[in-house]
Amino acid sequence: MIAAQAKLVYHLNKYYNEKCQARKAAIAKTIREVCKVVSDVLKEVEVQEPRFISSLSEIDARYEGLEVISPTEFEVVLYLNQMGVFNFVDDGSLPGCAVLKLSDGRKRSMSLWVEFITASGYLSARKIRSRFQTLVAQAVDKCSYRDVVKMVADTSEVKLRIRDRYVVQITPAFKCTGIWPRSAAHWPLPHIPWPGPNRVAEVKAEGFNLLSKECHSLAGKQSSAESDAWVLQFAEAENRLQMGGCRKKCLSILKTLRDRHLELPGQPLNNYHMKTLVSYECEKHPRESDWDESCLGDRLNGILLQLISCLQCRRCPHYFLPNLDLFQGKPHSALENAAKQTWRLAREILTNPKSLEKL
C-alpha cells in the first residue's frame, strides 16, 4: 500500500514539475502581455474620469487583483476609493451578494460616488459598472493597442477581447478590510480544528471584496435592490487559507487537469471550483501532517471524488457562503458529462499512476 502511494506521489510530482510548471510559465507570459494592454486602457479611463484609478500593479512577480479563470480568460479587479459613508448590509436575502446603503443622516454629497446613489439610498453596483463600461469603450478607441483590443458586446460586464485569443473582465470593486460579512459568520466551524485561531484572525483581517458584476444567484430577480447589489468575493482570504504543506501544489495539479481534460461544453467547471474543493479538503483533513508531500496522492484522490459527488448532486456550495451554489445556472447535461469525465480521470490516475505522463 505504501509502495503504491509512493509511486503515485512520484508520478504526481513529475506531472507537477513538467506539466504544471509549463502551464504556470505560459500563463505568466500571457498575463504580462494582457496586463500591458489593460493598463494602457485603464490609463485612458483615468484621464477621462479620475475616480477610476487603475489599481493593477505588479508585486513580487504577481499582479494584485488579477484572477486566472482559465489560460485564456482573466478577471482584473479595479479597486475604487472611499466607501465610508455607506453601511454594508448582507441580511441573506441576496445569496452571495450585499448592498451598500447610505448611512442614516449622512448626506449624499459626502460620497465620491454621489450620482450612483439611488433614491432609496443604495450605491448602485450596476450604475457604476454602466458608467465604467462607457469609459472603457471610449478608452479602447483611443489607447495605443486599439488594433488588438475590442469590447465584448451583449453583456453588462466590462470585458475586453485581446488579440482574438484572450478575454479579460475588468470589475469595479471595493476592498473591505477589518470587517467580516454576516453571511459568512458561521465560519470557522466550531468543531473543526482547522484553521487555527491565528490563521482565522489573519483571514478575517484580510476581509473580502465587493464586486460590481452580474450575480448568477439573482438571475430572474429584477427588483431594484438586486440590480444594485454587489457580489461578495474572498480571493485573498482563500489564498491565505491554502498556504502551507502541499495545498498549493495540489491545486496546481487540479487546475492543470481541468485545463487539459475538463474544459467541456457548457463550461461546467472552472479553476474556482477546484480552489473551493481544496478548502473543503483542508477541513476534512485538519492536521498539517495530512498535507505532507507524502499525502499528495490521497488529497488529490479525495478532492476528485468530492468533485464527482458534487457534480452528481448538481451542487457545489461556496466555501464561505454555503447558501450559494457554484453550479447554479450550469446545464444539467454539462454537469453529468463532467462527472463522467472526472470519474474516468480519477480511475485512470488511481489505477495507473504512470498514465499521468500522457494526461
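**Figure 1. Strands 3 and 4 form a hairpin.** Two residues link strand 3 (residues 66-70) to strand 4 in this hairpin; helices (H or I, at least four residues) and strands (E, at least two) are DSSP runs, numbered from the N terminus. The model shown is predicted: local features need pLDDT of at least 70, side-chain atom pairs count only at pLDDT 80 or more, and totals for chains, interfaces and linings use all residues. Residues are numbered from 1 along each chain as its sequence is written, and side-chain values use heavy atoms, with hydrogens and water left out. Strands 3 and 4 pair in the antiparallel sense over four bridges, where pairing requires that DSSP finds at least two bridges between two strands. L66 has V76 of strand 4 opposite it.

**Figure 2. Strand 4 pairs with strand 9.** Strand 4 and strand 9 (residues 166-176) run parallel and are joined by seven bridges. Strand 4 (residues 73-79) is largely enclosed by the rest of the structure, because six of its seven residues are buried. Buried means under 20% relative accessible area, exposed over 50%, and partly exposed in between (1.4 Å probe, protein chains only).

**Figure 3. L123 and F320 have the most contacts inside the largest nonpolar core.** This core has 102 residues; a nonpolar core is a set of buried Ala, Val, Leu, Ile, Met, Phe, Trp, Tyr and Cys residues joined through side-chain atoms within 4.5 Å. Helix 1 (residues 2-48) gives the largest share of this core, 15 residues. A second, separate core has 11 residues, including V77, L94, L211 and V231. Apart from residues up to four places away in sequence, L123 touches F86, L100, W113, F116, I117, I128, F174, D228 and W230, contact being defined as heavy atoms within 4.5 Å.

**Figure 4. V136 is a buried residue of helix 2.** Helix 2 spans residues 125-142. The relative accessible area of V136 is 0%, so V136 counts as buried. With residues up to four places away in sequence not counted, V136 touches V41, V45, M151, V158 and L160. V136 and E44 are 92 residues apart along the chain, and their C-alpha atoms are separated by 8.1 Å.

**Figure 5. L210 is a buried residue of strand 10.** L210 has a relative accessible area of 0%. Neighbours within four places in sequence aside, the contacts of L210 are F88, A98, L100, P172, A173, F174, C176, W230, V231 and L232. Between L210 and L94, 116 residues apart in sequence, the C-alpha to C-alpha distance is 13 Å.

**Figure 6. K213 lies in the loop between strand 10 and helix 4.** Strand 10 covers 208-211 and helix 4 covers 224-228. When neighbours within four places in sequence are left aside, K213 is in contact with E75, R129, E157, Q169, T171 and V231. For K213 and T171, 42 residues apart along the chain, the C-alpha separation is 6.7 Å.

**Figure 7. Helices 1, 8 and 9 each give two or more residues to the lining of the largest cavity.** On a 1 Å grid over the protein atoms alone, a cavity is a set of points where a 1.4 Å probe fits but cannot get out, and lining residues have an atom within 4 Å of a point. Grid points are joined across faces, edges and corners, and a volume is the space filled by probe spheres set on the points. Four cavities of 30 Å³ or more are present in the structure, and the largest holds about 50 Å³ of space. Its lining consists of L8, L12, G297, L300, N301, L304, A346, I349 and L350. Helix 8 (296-313) supplies the largest share of the lining, four residues, and helix 9 spans 332-351. Seven lining residues are nonpolar, two are polar and none is charged; Ala, Val, Leu, Ile, Met, Phe, Trp, Tyr, Cys and Pro count as nonpolar, Asp, Glu, Lys and Arg as charged, and the others, Gly among them, as polar.

How values were computed. On a 1 Å grid over the protein atoms alone, a cavity is a set of points where a 1.4 Å probe fits but cannot get out, and a pocket is an open set with protein on both sides within 12 Å along at least five of seven lines; lining residues have an atom within 4 Å of a point.
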